[in-house]
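Keep the viewer open as you read.

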Amino acid sequence: MRRYLRAALTAFHALTAVVIACSSGDGGGSPTPPDTTPTDTTPSDTTPTDTTPPPAISLGLQTVTTGLSFPLLLTSPPGDARLFVVEKGGAIRIIKDGALLPTPFLDLSALVSGGNEQGLLGLAFDPRYASNGRFFVDYTDTDGNTVLASYVVSSNPDVADAGSAVVRLRQDQPFPNHNGGQLVFGPDGYLYVGLGDGGGAGDPNGHGQDPRDLLGSILRIDVSGATGYTSPATNPRADNASWAPEVWNIGLRNPWRFAFDRANGDLYIADVGQGEREEIDVSPSPSGAGRGLNYGWAITEGSACYGSSNCNRSGLTDPVLDYTHADGSCSVTGGYVYRGTAIPGLAGTYFYSDYCSGWVRSFRYVNGQATEMTEWSDLAVGGNVTSFGEDTAGELYILSSGGTVYRIVKR
Ligand SMILES: [Ca+2]
């Protein structure tokens, strides 16, 4: 069953978040409610501006595996049929020929911290993984700081070499929350790294708007060497010396998943809001795929001024879509643009969710607008949605905090 989003927005979801890996809550190791800063601007949820009906497709969930511990990410090396699933506690698990392998591909549980928004948060396989066996992880270490490290596979293709760690980048985290953690290789071969604003409520240190530091940004770095990284000369610093060499864009609070449309290179970012609004940003490839953009935080939260009825929006890029917490939503979970082959009618459709509400929605980005905004009631997992996944064929998955991986299928 599918329905237009306008009607769906009236539904109330009473789910309550307790442990949120990506939330607007500002607690550390214990469950805390989201901090709410009052604002006197309450524009309504973004509503469809295009009435094109969504595709006449019925979708459903196919259970791939159960019993995982707080899965946060699913990905695959290029051309590899296996599914690699990141568990928050530090393990990377493999689903091979439909079966969850008992031995983790890699277990970093001794290295990671365990606060609500901490742990093993990101995984990306080198585009040349088939030949170099290299992959990258992002986690918060036992001191709560972000570590980006590379590893290589062992002689057993289902087990990584745990002794092969090369730390590429470290970032101090002033607070336990808002650690970002997404790692994605862009179509240009560079590694994109998501970092939140460093945490606390309302960005107390102003990292979101500061291009000189790495927090509140997506970074773009070259990790093709055996150690360290370099910053591409084509990064925004080329135009503005005040920007740190690594920084690709600024004004993000906690990008809980971003992805490139594998067909055209458009960048989709889901940025978690403070206490009022969740947003999706789409930055087309022909316009630079987010290069040098300022997504607004903490001047704006979603489409509204943050903490004020007025703000200076000069130079800010507004989201293509935002939604409020009115229905019990709390924290956006960004997904992927469907580019698989099993459901051709979904081509170009971007899926996303909300951690607390658990609904699954989609839109198609056309001419700068979100169109065909749809809520897919048959894709609701009945719990918290931590993340989406994309396999090498472009098929999409939904991950629940309860430990189940679902594949989106046609019914
Ligand atoms: Ca924003």
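**A first look**

Four strands make up an open, antiparallel sheet in the order β12-β13-β14-β15. Strands here are DSSP runs of E at least two residues long, helices are runs of H or I of at least four, and both are numbered from the N terminus. Two strands count as paired if DSSP finds at least two bridges between them. At the edges stand β12 and β15 (247-249), each with a single partner strand, so one side of each has no neighbour in the sheet. Neighbouring strands of this sheet are turned by 30 degrees against each other on average, direction ignored; the axes behind such angles are lines fitted to C-alpha atoms (for helices, over the stretch in contact), and angles run from 0 to 180 degrees between N-to-C directions.

Please keep in mind that this is a predicted model: local features need a pLDDT of at least 70, side-chain atom pairs count only at pLDDT 80 or more, and totals for chains, interfaces and linings use all residues. Residues are numbered from 1 along each chain as its sequence is written.

**Overall make-up and confidence**

- The protein has two helices and 28 strands.
- Of its 411 residues, 53% are buried. Buried means that 20 or more other C-beta atoms lie within 10 Å of a residue's own, exposed means 12 or fewer, and partly exposed is in between, with C-beta atoms placed from the backbone.
- Among contacts between residues at least 6 apart in sequence, 61% join residues at least 24 apart. A contact requires C-beta atoms, placed from the backbone, within 7 Å of each other.
- The average pLDDT (the predictor's confidence in each residue, from 0 to 100) is 90, and 87% of the residues score at least 70.
- Over residues 6-44 the pLDDT is below 50, and this stretch has 99 contacts in the model beyond near neighbours in sequence.

**Strand pairing**

- In the β12-β13-β14-β15 sheet, five bridges join β13 (residues 191-195) to β14 (residues 217-221), which run antiparallel. Leu195 has Ser217 as its bridge partner in β14.
- Another open sheet of four strands has the order β8-β9-β10-β11, again with antiparallel pairing. Its edges are β8 and β11, each with a single partner strand, so one side of each is left without a neighbour in the sheet. From one strand to the next, the twist averages 25 degrees.
- Within that sheet, seven bridges connect β9 (residues 134-140) and β10 (residues 146-153), which run antiparallel. Arg134 finds its bridge partner in β10 at Val152.

**The largest nonpolar core**

- A nonpolar core is a set of buried Ala, Val, Leu, Ile, Met, Phe, Trp, Tyr and Cys residues joined through C-beta atoms within 7 Å. The largest one holds 99 residues, and Leu123, Leu191, Val193, Leu219, Tyr268, Tyr397 and Ile398 touch the most other members.
- Strand β8 (residues 120-125) supplies the largest share of this core, with five residues.
- Leaving out residues up to four places away in sequence, Leu123 touches Leu73, Thr75, Phe84, Val86, Ile92, Phe135, Val137 and Leu183.

**Backbone features to check**

- Most residues other than glycine have a negative phi, and most peptide bonds are trans.
- His178, in the loop between β11 (160-171) and β12 (183-185), has a positive phi near 60 degrees. His178 counts as buried because it has 31 C-beta neighbours inside 10 Å.
- The peptide bond from Trp297 to Ala298 is cis, with omega near 5 degrees. Ala298 lies in the loop between β18 (277-283) and β19 (300-301).

**The β24-β25 hairpin**

- Five bridges join β24 to β25, and the two run antiparallel. Val366 has Gln369 as its bridge partner in β25.
- Two residues separate the strands of this hairpin, where Asn367 takes a positive phi near 50 degrees. Asn367 has 6 C-beta neighbours inside 10 Å, so it counts as exposed.
- β25 is mostly covered, with six of its eight residues buried.

- Ser285 and Asn264 are 21 residues apart in sequence, while their C-alpha atoms are 6.8 Å apart.
- Not counting residues up to four places away in sequence, Ser285 touches Asn264, Gly265 and Asp266.

Terms used
Contact = placed C-beta atoms within 7 Å.
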